[in-house]
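The following exercises concern one protein chain. Please study the sequence and the structure before reading each worked solution.

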Amino acid sequence: MDLIVGNWKMNLGGRDSLQLIEGILERLKKPIPGEAVICPPATALFMAGDRVKETPLQLGCQNVFYENKGAYTGEISPEFAREAGSRYAIIGHSERRQFFSEGPEINRKIEAVLNLGMTPILCVGESLEQRDGGNAWSVVKDQLKQGLQGISTEKLSGLAIAYEPVWAIGTGKTASPEDAREMASRIIEELHHLQGLRVLYGGSVKPGNISDFMSLAEINGALVGGASLKADSFAKLIYWEK
Ligand code: PEP
């Protein structure tokens, strides 16, 4: 089933998050064709989770730590995120890799999320320099390996991978559908042993271009930043049409 995920990043507090949820819900009058997930900031997670219960919207978190509890000041517990209602967790977003030097711990985060029955959305993607140097696939392959190594095939069933070229995030530039298709098919080939794998595309997705990606057989969803912050555009993404 298609998966449309809104990553609100660090943009909305509790009140603004609730307002955006109301705006989206007002626009979801007819049944939604796939799954729609919102990922508000951690501070708004509980309120948001309460509001979306028994609505077509599902909740996800943008990041978690790999321990559920303890002396880890300031970290986000995966268990508490789930208690708030999160069913999905974005892991290894390029902003986490870039600004918080995430790397090896991504693997433990994926495992922690899976242990709680949540679905990780593992983000992978190359920089422009890496693409121009012809290394896009080797970078993505290494990120997949680092994120998933040692985790059993059974546990990983239902995993979502978001292919997000770093240079396309928040820039208004997108990968060409052909490049996105090629990367998605390599990811699928690499992870062919996983049941229920979904590959999402992320990077400046908006209502005007979502069908370029979603109509590709290899792509089953979109991870969306900027265009998920407006009720109107996020609703349009949920009801995208070929
Ligand atoms: C993202 O946050 O993962 C993202 C793809 O952002 P944007 O849609 O704004 O490029």
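**Exercise 1.** Determine whether Y201 and F213 are buried or exposed, and describe how their rings are arranged.

*Solution.* Step 1: Y201 is buried, and F213 is buried as well; buried means under 20% relative accessible area, exposed over 50%, and partly exposed in between, with a 1.4 Å probe and protein chains only. The model is predicted: local features need pLDDT of at least 70, side-chain atom pairs count only at pLDDT 80 or more, and totals for chains, interfaces and linings use all residues. Residues are numbered from 1 along each chain as its sequence is written, and side-chain values use heavy atoms, with hydrogens and water left out.

Step 1: There are four aromatic pairs in the structure. Rings of Phe, Tyr and Trp (its six-membered ring) pair if their centres lie within 6.5 Å; planes under 30 degrees apart count as stacked, over 60 as edge-to-face and the rest as tilted. Y201 and F213 form a stacked pair, with 4.1 Å from centre to centre and 10 degrees between the planes.

Step 2: This pair links distant parts of the chain, since Y201 belongs to strand β7 (residues 198-202) and F213, twelve residues apart from Y201, to helix α9 (residues 210-214). Helices (H or I, at least four residues) and strands (E, at least two) are DSSP runs, numbered from the N terminus.

**Exercise 2.** Why is strand β1 described as largely enclosed, and which strand pairs with β1?

*Solution.* Step 1: Five of the five residues of β1 (residues 3-7) are buried, so this strand is largely enclosed by the rest of the structure.

Step 1: In a regular strand, side chains alternate between the two faces of the sheet. In β1, L3, V5 and N7 are on one side, I4 and G6 are on the other, and all are buried.

Step 2: β1 pairs with strand β2 (residues 35-39) in the parallel sense over five bridges; two strands pair if DSSP finds at least two bridges between them. Within β2, I38 is the bridge partner of G6.
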